Amino acid sequence: MSEQAEQAEQAIETPVLDRYECRSCGYVYEPEKGDDKNDITAGTLFAELPVSWRCPVCTANKVAFANIGPAGTASGFKENLGYGLGVNTLTPTQKNILIFGALALGFLFFISLYGLQ
Ligand SMILES: [Zn+2]
């Protein structure tokens, strides 16, 4: 906690553009880029965003965002974001085939265990 306080004091002299991540959907607000969808100009700090500002992806309010530090710090959040997207682009039919296919495979595997004994 004391480290955070020190960082906050330093931030007064050299403003650090902290990024904030939406804990609902993983969207990251980057002050350097702003938010085109909500007419937020580049360079606007997260703290300066209007209270009415919502996540452009899932419309969560500001309270749902967590400070993940300035750009360049390794957070890992952004990298992880890509992994879930592949499944999200599948149609419901494809998802069903995946789910039931996996269930059928699991069932076959389960049955094969009896065959071994
Ligand atoms: Zn969101």
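## Overall composition

Of the 117 residues in the protein chain, 7% are buried, where buried denotes 20 or more other C-beta atoms within 10 Å of the residue's own, exposed denotes 12 or fewer, and partly exposed lies in between, with C-beta atoms placed from the backbone. The model is predicted: local features need pLDDT of at least 70, side-chain atom pairs count only at pLDDT 80 or more, and totals for chains, interfaces and linings use all residues. Residues are numbered from 1 along each chain as its sequence is written.

The protein chain holds 3 helices and 3 strands, assigned as DSSP runs numbered from the N terminus (helices H or I, at least four residues; strands E, at least two). Read from the N terminus, the order of elements is α-β-β-β-α-α. Among contacts between residues at least 6 apart in sequence, 59% join residues at least 24 apart; a contact requires C-beta atoms, placed from the backbone, to lie within 7 Å.

## The antiparallel sheet

The 3 strands form an open sheet in the order S2-S1-S3, with antiparallel pairing. Strands S2 (28-29) and S3 (65-70) stand at the edges, each with a single partner strand, so one side of each has no neighbour in the sheet. Pairing here requires that DSSP find at least two bridges between two strands.

Strand S1 (residues 18-22) is joined to S2 by 2 bridges, while S1 and S3 pair over 5 bridges. Tyr-20 takes part on both sides: Tyr-29 in S2 stands opposite this residue, and Asn-67 is its bridge partner in S3. Glu-21 has Val-28 of S2 as its bridge partner. In the hairpin of S1 and S2, 5 residues lie between the strands, and Gly-26 takes a positive phi near 90°.

## Burial and the nonpolar core

Because 4 of the 5 residues of S1 are buried, this strand is largely enclosed by the rest of the structure. The largest nonpolar core has 5 residues, namely Tyr-20, Cys-22, Tyr-29, Cys-55 and Phe-65. Such a core is a set of buried Ala, Val, Leu, Ile, Met, Phe, Trp, Tyr and Cys residues joined through C-beta atoms within 7 Å.

Cys-55, one of these core residues, is in contact with Cys-22, Ser-24, Cys-25, Tyr-27, Ala-60 and Ala-64, when its neighbours within four places in sequence are left aside.

Asp-39 counts as exposed, with 8 C-beta neighbours inside 10 Å. Thr-59 is exposed as well, with 11 other C-beta atoms within 10 Å.

## Helix H3 and the annotated segment

Helix H3 (residues 92-116) has 25 residues and reaches 36 Å from its first C-alpha to its last, close to the expected 36 Å at 1.5 Å a residue; the expected span is 1.5 Å times one less than the number of residues.

An unreviewed UniProt entry places the feature "transmembrane region" at residues 97-116. UniProt positions follow the numbering used here, feature names are shortened, and annotations may be inferred rather than shown by experiment. In the model, residues 97-116 are 100% helix and 0% strand, and the end C-alpha atoms are 28 Å apart.

Notes: Two residues are in contact if their C-beta atoms, placed from the backbone, lie within 7 Å.
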